[in-house]
Amino acid sequence: MTTQIFRRLPASILVFLFTILCSLTAAADDVSWSYKILNQGTDHPSLQITATVPAGAHLYAQDNPQQGYEGATPLEIKVSATGCKLQGQPVPSKKPVTQYDQMFEMDQKYFTGSVTFTQKITPTAENIKLDIKIRGQICTDSFCQPIRAEHSLTAKAKVPGGDKEADKDAEAEEEAAVETPAEEVADSAALAVDSVAAALPAVAAGDTWKNVEPELKAYAEAKGKGSSNATSKGLWAIFLAGFLAGFLALLTPCVWPMIPMTVSLFLKQNKSRAKGIRMAVFYGISIIVIYVALGLLVTAIFGATALNSLSTNPIFNVVFFLLLVVFAISFLGGFELTLPSSWTNKMDSKVDKSSGLLSVFFMAFTLSLVSFSCTGPIIGTLLVEAASTGSYLSPAAGMFGFALALALPFSLFAMFPTMLKSMPKSGGWLNSVKVVLGFLELALALKFLSVADMVTGWRILDREVFIALWIVIFALLGFYLLGKLRFPHDSEKKHTGVLGFMLALISLSFAVYMVPGLWGAPLKAISAFAPPMNTQDFNLYDGEVEATANDYDIALQMASQQNKPILLDFSGYGCVNCRKLEAAVWTNDTIRDMIEKNFVLATLYVDDKRALPKPIVKTDNKGNKVELETVGDLWGFLQTNKFGTAQQPFHVIIDAQGNPLTYSQDFTESVGVYKEFLESGLEGARK
């Protein structure tokens with residue numbers, strides 16, 4: 001009876017009763033606090049506050065959700081400083097646990113065990129004093145109680161610069177280091193440490209940002225590690241994607257019927273079969289030239305620099321998303337995408353007025369215009385995907401693969417005309433190919449919206465939402481292939497063919513495969529497309545590797561405190577290969593244990609579009625002034641200026657002074673290769 005009464009009470013009343021109980025109950029155990037000022041006597045001291053939480057208890061985090069009386073009291077650390085300036089907020093050494101709390105009926109964030117909070121300081125006088133006041137709440141399964149702790153520390157410090165100008169510098173740095181609200185410091189979408197403001201003064205200080213390219217090169221030569229071939233691998237991937245896209249374009253109603261018509265025309269117009277074959281081959285070469293020129297034109301219009309920014313630019317990614325949705329609607333039968341008829345008429349007149357090889361070239365151009373309603377969305381999708389890779393050669397490589405697949409049948413059927421008789425006849429199956437492509441366009445469109453969502457921090461398309469949409473899309477595709485759905489241009493199906501059944505089986509199985517991802521399963525098959533695991537709100541999987549820090553200078557400090565090397569991970573929200581590496585390598589038990597036990601893992605997102613509190617002007621290795629406006633600019637400058645590369649993923653192992661301990665590692669899906677890299681870094685740390 002009592003249990004039923006308590007279940008019916010509002011959460012706010014329960015919290016009130018617990019508060020009364022807390023005030024009347026003396027806890028056997030309480031949080032143990034210790035305080036320390038690191039680097040005393042230097043110009044970069046820091047305050048370290050360590051909380052030791054008793055077993056079975058939870059210390060609620062700084063950004064713990066609280067709505068009125070609902071939710072535990074968030075931790076609050078207030079520091080009053082004399083003789084120094086505070087930089088940002090106290091930053092925890094690890095990410096809080098997020099878990100649904102039955103009592104509060106909402107997600108709660110808390111720490112267990114030991115957690116250290118670091119507050120960076122800029123001295124303005126030789127004698128500094130810090131007054132610390134801590135307020136919060138600790139709970140066990142049986143009771144809660146408030147936290148009250150106060151402490152004072154004094155220390156000697158060195159004023160930066162050692163003269164009157166130091167005070168001005170410190171004040172300028174303080175203006176740049178605008179305090180970040182606590183809820184932003186430990187946002188659930190961010191990694192464990194988020195101290196952008198605190199990083200700003202350190203950017204200008206020390207040799208930890210110095211260039212280390214010669215050292216990395218020497219390590220690579222000593223270990224027999226060659227230069228990266230990630231770019232060439234990316235171009236091959238785009239080429240293969242283009243070839244597959246070209247093959248799919250062949251199976252559309254705009255292209256398939258053109259193959260026997262065009263080949264027959266070449267063979268009939270030329271008395272010599274050899275000449276007919278030459279004409280057909282040149283026809284295929286013309287198709288390749290036309291589409292590769294289109295790929296080069298994209299690079300010429302946007303430029304290589306612009307293409308590099310497309311992959312993470314939120315505006316472009318939203319535009320790409322909308323563009324692919326339009327393409328999908330067209331394929332599903334909503335409308336036809338057509339070029340002006342005057343263009344086709346002009347090409348026809350060119351064919352009539354020309355002769356020989358020039359006439360064949362214009363015939364190929366006419367094919368590209370006539371088939372645009374089917375090939376246009378495929379080409380557009382391919383160019384969007386190629387441009388978003390950031391390589392200026394990608395659009396041309398993609399178009400070459402597309403055109404090669406499109407051109408091969410015309411040449412092959414001209415060489416072996418008897419094969420024309422075995423070609424499947426045109427029919428309703430061609431429209432089914434278009435509809436299937438429409439479903440695939442919708443699925444791919446979500447990838448671009450996801451990139452814009454992650455970069456801007458909207459959080460409207462978290463991992464589970466993305467996966468849910470993909471499950472629905474591929475389930476509906478399976479039902480369509482079974483004949484359960486029909487679109488405007490579909491013909492009535494009396495039965496389901498064997499091929500359609502097998503494809504439906506694959507699509508429905510793929511949808512079922514993704515279901516566990518709603519609860520945090522890794523889903524390695526779609527890791528390149530889905531948002532990273534840290535965007536998952538409800539996650540039952542605990543096998544992923546989480547970064548210890550996402551601030552370079554904080555990582556250096558943690559490495560010094562913990563006497564560990566740093567595994568520096570330059571990543572990107574829109575980086576496909578980063579997600580592949582994380583899913584294929586980091587989830588391996590051996591690799592995960594090595595990272596968690598032996599390294600301070602710092603992940604720096606070079607496409608983070610959050611604005612810095614104040615733009616920074618830096619001088620690069622060539623003496624050029626560079627203005628940094630966003631968090632991504634800051635980490636991108638660090639990567640290019642210190643390590644001499646701009647590719648992601650890019651992993652390097654360094655010590656607490658920023659010196660490399662071994663060669664760098666780029667994209668790999670080999671656990672053995674990555675394990676060798678980690679072991680080499682640990683060996684360098686021991687030496």
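A residue counts as buried when its relative accessible area is under 20%, as exposed when over 50%, and as partly exposed in between, with a 1.4 Å probe and protein chains only. This is a predicted model, in which local features need pLDDT of at least 70, side-chain atom pairs count only at pLDDT 80 or more, and totals for chains, interfaces and linings use all residues. Residues are numbered from 1 along each chain as its sequence is written, and side-chain values use heavy atoms, leaving out hydrogens and water.

Start with the whole protein. Of its 687 residues, 51% are buried. The protein exposes about 32100 Å², and carbon and sulfur atoms supply 59% of that area. Accessible areas come from the Shrake-Rupley method with a 1.4 Å probe; for residues, only the protein chains shown count as cover. Contact here means heavy atoms within 4.5 Å. Take the contacts between residues at least 6 apart in sequence: 73% of them join residues at least 24 apart.

The protein has 22 helices and 15 strands. These are DSSP runs numbered from the N terminus: helices are H or I with at least four residues, strands are E with at least two. Strands of a sheet pair through backbone hydrogen bonds, either parallel or antiparallel. Two strands pair here if DSSP finds at least two bridges between them.

Now look at the open sheet of four strands. Its order is β1-β2-β8-β5, and the pairing is antiparallel. The edges are β1 (32-38) and β5 (84-92); each has a single partner strand, so one side of each has no neighbour in the sheet. From one strand to the next, the twist averages 15°. Seven bridges join β1 to strand β2 (residues 46-52) in the antiparallel sense. One point to find on screen is S34, whose bridge partner in β2 is T50. Helix α18 (residues 552-562) packs on this sheet and touches β1, β2 and β8 (114-123). The direction of α18 makes about 120° with that of β8. For such angles, axes are lines fitted to C-alpha atoms, for helices over the stretch in contact, and values run from 0 to 180 degrees between N-to-C directions.

Next come the strands around β7. Five of the six residues of β7 (residues 106-111) are buried, so this strand is largely enclosed by the rest of the structure. Strand β6 (residues 97-101) pairs with β7 in the antiparallel sense over five bridges. There, D101 has M106 as its bridge partner. Strand β3 (residues 58-60) also pairs with β7, antiparallel, over two bridges. Y60 stands opposite Y110.

From β3, move on to β9. Strand β9 (residues 127-139) pairs with β3 in the antiparallel sense over two bridges, and L59 stands opposite I138. Strand β4 (residues 76-82) runs antiparallel to β9, joined by seven bridges. K78 has K133 of β9 as its bridge partner. Strand β10 (residues 144-156) pairs with β9 in the antiparallel sense over 13 bridges.

Now turn to the aromatic rings. A pair of aromatic rings is described by the distance of the centres and the angle of the planes. Rings of Phe, Tyr and Trp (its six-membered ring) pair if their centres lie within 6.5 Å; planes under 30 degrees apart count as stacked, over 60 as edge-to-face and the rest as tilted. The count comes to 20 aromatic pairs. In one of them, F439 and Y480, the ring centres are 6.2 Å apart and the planes stand at 45°, so the pair is tilted. This pair links distant parts of the chain: F439 lies in helix α15 (residues 428-456) and Y480 in helix α16 (residues 463-481), 41 residues apart. F439 counts as buried at 6% relative accessibility. Y480 counts as buried at 5%. Ring pairs also link F466, W470, F474, F510, Y513 and F529 into a cluster.

Finish at the open sheet of three strands. The order is β12-β11-β15, with mixed pairing. At the edges stand β12 (600-605) and β15 (650-654), each with a single partner strand, so one side of each is left without a neighbour in the sheet. The twist averages 20° from one strand to the next. Strand β11 (residues 566-571) runs parallel to β12, and six bridges join them. S571 has Y605 of β12 as its bridge partner. Helix α22 (residues 671-686) packs on this sheet, touching β11 and β15, and its direction makes about 25° with that of β15.
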